[in-house]
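Dear colleague,

I am handing over the structure below, together with some notes on what was found in it. Please read the notes with the model open beside them.

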Amino acid sequence: MRLRDDAAFFGPDLVGPLTGIAVDSRDVKPGFLFAALPGSKIHGAEFATYALRMGAVAVLTDAEGMRYLMDEGLDTAAPVIVAKDARLSLARAASVWYGAQPETIVAVTGTNGKTSVATFLRQIWQGLGRRAVNFGTTGVEGSITRPLSHTTPEPVTLHALLADLAGNGVTHAAMEASSHGLDQRRLDGVRLAAGGFTHLSRDHLDYHETMEAYAEAKLGLFSRVLPEDATAVVNIDDPIAAKAGVVAQDRGLGVISTGRNPAAMLALTGTEFHDKGQVIHFTYRGVTHSADLALIGGFQAENALLAAGLAIGAGEDAEEVFAQLEGLGGVRGRMELAATRQNGAPVYVDYSHTPDSVATALKALRPHVAGRLIVVVGAGGDRDPGKRPMMGKAAVEGADIAIITDDNPRTEDPALIRAAVMAGAPGATEVGDRAEAILRGVDMLGPEDALLIAGKGHETGQIVGSEILPFDDAEQARAAVTALDRGGL
Ligand SMILES: CC(=O)N[C@H]1[C@@H](OP(=O)(O)OP(=O)(O)OC[C@H]2O[C@@H](n3ccc(=O)[nH]c3=O)[C@H](O)[C@@H]2O)O[C@H](CO)[C@@H](O)[C@@H]1O[C@H](C)C(=O)N[C@@H](C)C(=O)N[C@H](CCC(=O)O)C(=O)O
Ligand SMILES: Nc1ncnc2c1ncn2[C@@H]1O[C@H](COP(=O)(O)OP(=O)(O)OP(=O)(O)O)[C@@H](O)[C@H]1O
Ligand SMILES: N[C@H](CCC[C@H](N)C(=O)O)C(=O)O
Ligand SMILES: [Mg+2]
């Protein structure tokens, strides 16, 4: 294997075949290339000696890593490859190493809506008879299922997965491109047919620091990762997504614009909400269409349309794609009707964990609620602290009653996280224990009311410290309804 000309080689040529690639020294086996990457806490080069002891036969690193190795006086017969951008070289190396990828791969980015769009796209493909998967936050779903620990896996895991999918006959894959994944070049070795952009709002500033840097990371999908024969599908209601369309157009890529803006090529022109979802009217290249979607929330219609645009952009016939829309099923933990009280009041579980998505989810429910809208919400620990009061504000502004509780505290003090959320939520009630908060919310429900449990969606555990305790919002909602309606409490 040769990494392209943006890398320099030090030491002797590689002797013998490589047997694998690892980014973590603890995963190295004899014959491996060890990618010693710059980290947020430590440089991977600090683990090179250990990796070599475990049998690594080559090391890939950057200039900083090389300096460290020279300062340490690393004495090895193994070649050291120094790349300008070691993460990019790793992505390309992993792509070459694993080789096979499904024929048609689409990536979707944006602060919210990635999992939803990827899932809808997979459903559209499956409806058209394709062997398809979506993968990201909820693992690999569709024709094949697998667990995943990242929304966008790092390159070695990603390319091992793509080769596995291709080997199992999967021809179509819809993947999520997280901003961390784009910034760290995790998907730069993936051969993409199309890329989508939902919208950008505040999140992950603990990592990106500024909204500009966050937007720049997302735009990388369009300025760098998509090949020139790919299509960009962007929601032009959002200014940054619209900018992605311009970036793509400037590079000569095909562009399909979507959104409520009448100028969009695939434009959402009207919505009628009903009990089970919404009838949408839309135009594509000037021709009008309608579809009855079994999905709650205007934003879900926007996601469905973006998914349709991506299917078209990746080569499907538009009319056949639109015929699939009525069959779309909801996404686990996204506006999921988890339980209904005997008096008819619904309890929804939604993965809204940013200020914008809390506001969007509450706004989406409003037309369906004649009485009071109640929300149970909290913010995760070890994540952007600046979003906490903004989430509290979105909760009290969008709901009639807000209960502030714990999400995943991780290594932080949960009381301090709640205090930060409460600072933006005057009039809200604080209930630390999430199960109790859900029970209290369910207990308040009158016949015309509705409850939204926001933040954890499909998650089945609560991360407290370094432990993951079993916890499932939908299950807790059902338990609370059963206990209250059958007189169990
Ligand atoms: C903040 C972030 O993205 N971190 C990623 C980064 O790790 P890091 O910079 O913190 O690494 P570090 O601990 O400083 O270590 C530096 C290097 O030394 C290596 N190491 C470390 C210890 C050791 O014993 N041996 C060893 O070789 C590490 O593998 C790493 O390559 O590089 C690692 C290897 O590529 C990633 O696994 C790791 O993801 C961590 C686990 C993570 O939690 N990432 C999250 C925030 C993330 O990526 N989330 C997005 C979703 C976001 C969304 O909601 O949209 C995702 O795509 O999942
Ligand atoms: N198009 C959209 N516009 C605004 N909010 C949305 C949109 N789509 C989804 N949401 C909100 O964001 C939440 C998360 O949706 P989804 O899981 O599809 O996003 P995601 O981008 O994959 O999130 P993550 O970054 O955590 O993986 C939903 O539960 C909903 O509240
Ligand atoms: N991918 C997001 C998920 C957040 C989910 C929420 N439940 C939390 O723990 O903050 C993140 O890692 O920031
Ligand atoms: Mg996701």
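The model is a predicted one, in which local features need pLDDT of at least 70 and side-chain atom pairs count only at pLDDT 80 or more, whereas totals for chains, interfaces and linings use all residues. Residues are numbered from 1 along each chain as its sequence is written, chains are lettered from A and ligands numbered from 1 in the order in which they are written, and side-chain values use heavy atoms, with hydrogens and water left out.

Thr115 belongs to helix 4 (residues 114-127) and Thr137 to the loop between strand 7 (132-136) and strand 8 (139-142), so the pair ties together parts that are 22 residues apart in sequence; helices (H or I, at least four residues) and strands (E, at least two) are DSSP runs, numbered from the N terminus. Thr115 is buried, at a relative accessible area of 6%, while Thr137 is partly exposed at 22%, where buried means under 20% relative accessible area, exposed over 50% and partly exposed in between (1.4 Å probe, protein chains only).

Strand 7 also holds Asn134, which is buried at 1% relative accessibility. The side chains of Asn134 and Thr119 are joined by a polar contact of 3.4 Å, that is, a pair of N or O atoms within 3.5 Å, of which, within protein, one must be able to donate a hydrogen and the other to accept it, and residues adjacent in sequence count only if both atoms are side-chain atoms.

Turning to ligand 3, the residues around it include His204, Tyr351, His353, Asp407 and Lys456, each with a heavy atom within 4 Å of the ligand. Polar side-chain atoms of Arg383 and Asn408 each lie 2.9 Å from an oxygen atom of ligand 3, and an N or O atom in the side chain of Arg410 is likewise 2.9 Å from an oxygen atom of this ligand. Taken alone, ligand 3 exposes 350 Å², of which the protein buries 88%, with areas from the Shrake-Rupley method and a 1.4 Å probe.

With kind regards
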